[in-house]
Amino acid sequence: MQQRHSRFFHQTALLVIGCLALMFSAISSAEDKVPSVAWDKINAGAILLDVRTEQEFAAGHLEGAINIPFEVVLNKLTEQKLSKDTSIVLYCRSGRRSGIATAELVKAGFTQSYNGGGFEILRAHEAN
């Protein structure tokens, strides 16, 4: 009987931990990719990084954006000795690549990095 209770407690604890992890990851991902937040940061002077390919950038980009493909963002910003508290907004086509780059920057200590999401959505909200 004692062993059954212990196993039940263990399984319940794992379920609760899993639910909490999902909840916190949803909260974390909900905090980025909000066009109005991205534009507030951009209008306040954040560096705007387009992390798409050179070809995508050449086909159209947000005014003032700097193109650094997502695979090399951390290396480029580190080479430039950019302060880790610099406000940075990253975007790509859908928000996936900018999310990867943002996570990499945050992990490296860039505390003011923000995933602005997708190019078309940001462009549609630019005037707002």
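Strand β1 (residues 47-50) pairs with β2 in the parallel sense over 2 bridges. Helices (H or I, at least four residues) and strands (E, at least two) are DSSP runs, numbered from the N terminus, and two strands pair if DSSP finds at least two bridges between them. The model is predicted: local features need pLDDT of at least 70, side-chain atom pairs count only at pLDDT 80 or more, and totals for chains, interfaces and linings use all residues. Residues are numbered from 1 along each chain as its sequence is written, and side-chain values use heavy atoms, with hydrogens and water left out.

**Exercise 1.** Work out in which order the strands of the sheet lie, and which strands stand at the edges.

*Solution.* 
- Step 1: extend to the whole sheet, which is open, with 4 strands in the order β2-β1-β3-β4 and parallel pairing.
- Step 2: look at the ends. β2 (66-67) and β4 (113-118) each have a single partner strand, so one side of each lacks a neighbour in the sheet.

**Exercise 2.** Find which strands helix α5 touches, and where its buried residues point.

*Solution.* 
- Step 1: place the helix. α5 (residues 96-107) packs on the sheet, touching β3 and β4 (contact means heavy atoms within 4.5 Å), and its direction makes about 150 degrees with that of β3. Axes here are lines fitted to C-alpha atoms, for helices over the stretch in contact, and angles run from 0 to 180 degrees between N-to-C directions.
- Step 2: list the buried residues (under 20% relative accessible area; exposed is over 50%, partly exposed in between, with a 1.4 Å probe and protein chains only). They are Arg97, Ser98, Ala101, Thr102 and Leu105.
- Step 3: look down the axis of α5. The buried residues fall within an arc of 135 degrees, so they line one face; the arc is that of the directions from the helix axis to the C-beta atoms.
- Step 4: see what that face meets: α3 (54-59), α4, β3 and β4.
- Step 5: turn to the face away from the buried side, where the exposed residues Arg96 and Lys107 sit.

**Exercise 3.** Decide whether threonine 86 is buried or exposed, and describe its surroundings.

*Solution.* 
- Step 1: locate threonine 86 in the loop between α4 (73-79) and β3 (88-92).
- Step 2: check its relative accessible area, which is 18%, so threonine 86 is buried.
- Step 3: leaving aside neighbours within four places in sequence, threonine 86 is in contact with Ile47 and Gln112.
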